[in-house]
Amino acid sequence: MTRWKTVVPSKEPPQPSKRREKKHNLTKRAFWSVFSVVLTIALAAGALIWALPHLPQKPQTQSGANYKGIVELWNVESFEGGVGSRESWLKSRAAKFEQQNEGLFVHVTTLTVEQLQDKLAAGDNFDIVCFSRGAGEIVKDDLAPIDGETAVRDNFLPSGQLNGTQYALPLYAGAYCLFARAEMLSQEKLLGNALSQTYTRKVGKTTFTLQPLICGFTPYNSPLSALAMSGGRGNANVSESTTQYQAYEQFVANRTAVTLLGTQRDMYRLGQKESAGKIDSLVFAPLAGYTDLVQYVGISAFAEDKAFACKVFVKYLLSEQSQSTLTSLSMFSVLDKTFYTADRYAQTEAGLNSAYVPNVFGNAEAIKRQRQMALDTLNV
């Protein structure tokens with residue numbers, strides 16, 4: 001009897017279909033692609049985190065001001081300007097600055113020294129202040145140290161320092177100068193004879209004997225220091241109660257003094273009269289040894305989040321672009337640059353490079369001592 005042997009088929013593992021194999025391979029490739037992208041991003045992020053602190057710092061410009069809002073600028077005026085409005089000049093500079101810094105506004109308020117005192121006493125405060133002698137003593141405790149690394153003339157910078165620290169930067173300058181009618185005093189003798197030359201003139205039946213010199217004062221300046229430090233000598237018989245404008249008027253009237261010790265304001269006023277033929281030909285000499293007719297700019301120690309915007313605006317005011325526009329005011333730049341071509345202005349501008357500039361934070365007692373020292377020096 002034949003026995004049938006039952007053959008059981010062997011169980012081999014099922015072979016995957018071609019579609020399933022293709023899908024598996026695609027999944028592997030996708031995984032490695034995603035992994036590669038993630039790894040690349042992680043490596044790039046790590047490199048960036050390491051590199052950022054080591055990158056060179058980008059210079060800060062106007063566009064980095066960041067602060068959005070109003071910066072309060074107080075403009076305290078205590079001496080005559082040249083021509084036009086110094087407030088308008090500041091507002092014009094502010095408008096140009098605002099065009100480059102969207103959302104940032106500089107509000108300019110012009111004050112006298114007395115009004116400055118009143119506002120501070122009332123608890124008001126500035127972010128930026130422009131000021132000269134007289135106001136310096138009042139605001140010095142409210143100012144933050146300021147970067148003195150500027151192109152300002154070297155002989156001007158120390159005048160804005162306290163105990164070796166820069167608290168204010170010179171912004172623009174005026175200057176002292178001598179004027180006399182050419183028929184009364186020659187150009188060569190103007191400086192040497194400013195305190196000795198008299199002149200007698202007859203108007204109708206009246207005879208006038210003109211004294212040598214007249215000059216005007218503010219409560220905070222020392223014009224005779226300019227004469228003394230520029231080489232003048234003699235007895236200065238002048239009244240400190242005479243204002244700058246009164247001195248100009250009396251000189252023009254030609255009944256008081258031969259020589260006017262005036263300022264850049266007189267340079268403009270008398271130049272206009274000469275051009276119009278309303279005054280006789282004048283001789284002129286700049287007093288290059290000294291000037292206290294300097295306006296400064298400082299930043300409040302309480303400016304807080306506005307502080308950087310204030311610094312950027314101050315830098316803009318001291319830029320060559322801004323300083324070159326001071327010729328429209330007949331004022332002088334504090335930069336060691338040449339902006340004038342007209343003879344009298346060019347002479348005065350060049351002379352400022354060697355002028356002594358007193359400290360802007362000097363008090364009334366310091367100014368009084370300085371005036372006495374000038375008289376003593378002139379009489380030597």
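User: What is the handedness of the crossing of α2 and α8?

Analyst: In this predicted model, the axes of helix α2 (residues 86-100) and α8 come within 11 Å and cross at roughly 120°. That angle makes α2 oblique to α8. The handedness of this crossing is right-handed.

User: How many nonpolar residues are in the contact of α2 with α8?

Analyst: From α2, the residues W89, L90, R93, A94, K96, F97 and Q100 take part, and they meet A309, V312, F313, Y316 and L317 of α8. One residue of this contact is polar and two are charged. The nonpolar count is nine.

User: Which residues does L178 contact, leaving aside its neighbours within four places in sequence?

Analyst: L178 is one of the residues that touch the most other members of the largest nonpolar core. With sequence neighbours within four places left aside, its contacts are L190, L191, A194, L213, L227, T259, L260, L261, V283, F284, A285 and L287.

User: Are α6 and α7 roughly parallel or roughly antiparallel?

Analyst: Helix α6 (residues 244-253) packs on helix α7 (residues 264-275) with the axes 11 Å apart and an angle of about 25°. Angles under 35 degrees count as roughly parallel, and those over 145 as roughly antiparallel. The angle therefore makes α6 and α7 roughly parallel.

User: How many charged residues are in the contact of α6 with α7?

Analyst: α6 passes α7 in a right-handed crossing. Here Q244, Y245, Y248, F251 and V252 of α6 meet D266, R269, L270 and K273 of α7. Five residues of the contact are nonpolar and one is polar, while the charged count is three.

User: Are α7 and α10 roughly parallel or roughly antiparallel to each other?

Analyst: The axes of α7 and helix α10 (residues 343-351) are 11 Å apart, and the two helices pack at an angle of about 165°. Their crossing is right-handed. By the angle, α7 and α10 are therefore roughly antiparallel.

User: How many polar residues are in the contact of α7 with α10?

Analyst: On the α7 side are Q264, M267, Y268 and E274, which meet R344, Y345 and T348 in α10. Three residues of this contact are nonpolar and two are charged. The polar count is two.

User: What separates the C-alpha atoms of L329 and G82?

Analyst: L329 is found in the loop between α9 (320-323) and β13 (332-333). It is buried, with a relative accessible area of 4%. Not counting residues up to four places away in sequence, L329 touches G82, V83, G84, S85, R86 and W89. L329 and G82 are 247 residues apart along the chain, and their C-alpha atoms are separated by 5.4 Å.

User: Is S330 buried or exposed?

Analyst: The place of S330 is in the loop between α9 and β13. S330 is not a glycine, although it has a positive phi of about 60°. Its relative accessible area is 6%, and under 20% counts as buried. S330 is therefore buried.

User: Is E304 buried or exposed?

Analyst: E304 lies in the loop between β12 (294-299) and α8. Its phi is near 50°, a positive value in a residue other than glycine. With a relative accessible area of 65%, E304 is exposed.

User: How far apart in space are P223 and E240, C-alpha to C-alpha?

Analyst: P223 is found in helix α5 (residues 223-228), and it is buried, with a relative accessible area of 1%. Its contacts, not counting residues up to four places away in sequence, are Y176, C215, G216, F217 and L261. P223 and E240 are 17 residues apart in sequence, and their C-alpha to C-alpha distance is 9.9 Å.

User: Among contacts between residues at least 6 apart in sequence, what percentage join residues at least 24 apart?

Analyst: The chain has eleven helices and 13 strands. Of its 380 residues, 43% are buried. Among contacts between residues at least 6 apart in sequence, the share that join residues at least 24 apart is 76%.

Terms used
Residues are numbered from 1 along each chain as its sequence is written. This is a predicted model: local features need pLDDT of at least 70, side-chain atom pairs count only at pLDDT 80 or more; totals for chains, interfaces and linings use all residues. Side-chain values use heavy atoms; hydrogens and water are left out. Axes are lines fitted to C-alpha atoms, for helices over the stretch in contact, and angles run from 0 to 180 degrees between N-to-C directions. Helices (H or I, at least four residues) and strands (E, at least two) are DSSP runs, numbered from the N terminus. Angles under 35 degrees count as roughly parallel, over 145 as roughly antiparallel, 65 to 115 as roughly perpendicular and the rest as oblique. A crossing is left-handed if the near helix is turned anticlockwise from the far one by less than a right angle, and right-handed if clockwise. Contact means heavy atoms within 4.5 Å. Ala, Val, Leu, Ile, Met, Phe, Trp, Tyr, Cys and Pro count as nonpolar, Asp, Glu, Lys and Arg as charged, and the others, Gly among them, as polar. A nonpolar core is a set of buried Ala, Val, Leu, Ile, Met, Phe, Trp, Tyr and Cys residues joined through side-chain atoms within 4.5 Å. Buried means under 20% relative accessible area, exposed over 50%, partly exposed in between (1.4 Å probe, protein chains only).
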